[in-house]
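Subject: Structure handover and notes

Hello,

Here is the structure for you to look at. Please open it next to the sequence while you read the notes.

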Amino acid sequence: MKRKTKSYGGSRPCSTQPPVMVTGGFTLDPAQTNLPVGAVIPFGTLASVNEATRLAKLIKSARVVAIGTDTKKVTLEADEFSKPLFMVGDTVQSDLTATLANSPSISAVAQTEAGLEITLSKAITGLAVGSALYEVVADGTNVKLVAEPNSITIGTYESAEVQEELADTQIDVTRDSGCGEIYARRVPPVPAKYLEGNLLKGTKVAYTQSL
């Protein structure tokens, strides 16, 4: 299922210095069909890229900014610069040690002034404002990210819009933030288990909490 969505323009610095782009570029993996057509891929989205096939799989994540009286209604950070890529049907979790049975799916999505409001099939125990939500898949009876991240996206507004044919969507990624660092609070969140100090594991992508 694909959903048309408004593209968000504008820009703001997401790194202290330009990161080092992986040569050659990539296209979105056509097998990842749960990406909203027309959406702009946020700078810093975790990705798993294959240099042999030149395909990239995106790993969705976002921060919780509000939880309703009905705790199944959760608002995710979204603004004029970017918004999460979550869609109806995605399975999500904040705790990557959780079981699949305790991980809800998204039953509704609505853009509001406060952010992207999602309705969950059931509440997530312990979810709080400031928590991160990740798209997950089954790992036996537990869950895991949809792929192992080995890079982050660095596409600009003009070059990072999801196309109707995913193979037509070209993205650039980095595995090395070079002489600079990525502003962690301006890009989608990274699970703690994938960080070594301030580095994305297996890469030279460095994050800073400064703004």
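**Ground rules**

This is a predicted model, in which local features need pLDDT of at least 70 and side-chain atom pairs count only at pLDDT 80 or more, while totals for chains, interfaces and linings use all residues. Residues are numbered from 1 along each chain as its sequence is written, and side-chain values use heavy atoms, with hydrogens and water left out.

**The sheet**

Strands of a sheet pair through backbone hydrogen bonds, either parallel or antiparallel. Strands here are DSSP runs (E, at least two residues), numbered from the N terminus. Two strands pair if DSSP finds at least two bridges between them.

Seven strands make an open sheet with mixed pairing. Their order is β1-β14-β12-β3-β4-β2-β13. The edges are β1 (20-21) and β13 (170-171). Each has a single partner strand, so one side of each is left without a neighbour in the sheet.

Within this sheet, β3 (residues 46-50) pairs with β12 (residues 151-153). The sense is antiparallel, over two bridges. L46 has I152 of β12 as its bridge partner.

T45 is found in the loop between β2 (26-28) and β3. Is T45 buried or exposed? T45 is buried, at a relative accessible area of 2%. The cut-offs: buried is under 20% relative accessible area, exposed is over 50%, and partly exposed is in between (1.4 Å probe, protein chains only). Leaving aside neighbours within four places in sequence, T45 is in contact with L58, I59, S151, I152, T153 and P188. Contact means heavy atoms within 4.5 Å.

**A hairpin**

β10 (residues 132-139) and β11 (residues 142-145) pair in the antiparallel sense over four bridges. D139 stands opposite N142 in β11. The two strands form a hairpin with two residues between them. G140 sits in the turn and has a positive phi of about 70°.

V65 is in strand β5 (residues 61-67). V65 is partly exposed, with a relative accessible area of 34%. Its C-alpha atom is 8.1 Å from that of A114, 49 residues apart along the chain. Setting aside neighbours within four places in sequence, V65 is in contact with T75, L76, E77, A114 and V129.

G115 belongs to strand β9 (residues 115-120). G115 counts as buried, at 0% relative accessibility. The C-alpha atoms of G115 and A66 are separated by 8.8 Å, and the two residues are 49 apart along the chain. Not counting residues up to four places away in sequence, G115 touches T75, L76, A78 and A110.

**Salt bridges**

Side chains of opposite charge can pair when their charged atoms come close. A salt bridge here is a side-chain nitrogen of Lys or Arg within 4 Å of a carboxyl oxygen of Asp or Glu. How many salt bridges does the structure hold? The structure holds five.

E51, R54 and R175 are linked in a network of salt bridges. E51 meets R54 with the closest N and O atoms 4.0 Å apart. R54 is partly exposed, at 25% relative accessible area. E51 also pairs with R175 (3.0 Å, N to O). E51 lies in the loop between β3 and β4 (55-59) and R175 in strand β14 (residues 173-176), so the pair ties together parts that are 124 residues apart in sequence. E51 is partly exposed at 41%, and R175 is partly exposed at 28%.

R63 and E77 meet in a salt bridge too (3.4 Å, N to O). This pair links distant parts of the chain, 14 residues apart: R63 is in strand β5, and E77 is in the loop between β6 (73-76) and β7 (92-93). E77 is partly exposed, with a relative accessible area of 31%.

**The cavity**

On a 1 Å grid over the protein atoms alone, a cavity is a set of points where a 1.4 Å probe fits but cannot get out, and lining residues have an atom within 4 Å of a point. A volume is the space filled by probe spheres set on the points, which are joined across faces, edges and corners.

The structure holds one cavity of 30 Å³ or more. The largest cavity has a volume of about 180 Å³. Its lining has 19 residues, and P42, E77, S82, V187 and P188 lie nearest its centre.

Best regards

Conventions: 1 Å grid on protein atoms, 1.4 Å probe; cavity = no way out; pocket = protein on both sides within 12 Å on 5 of 7 lines; lining within 4 Å.
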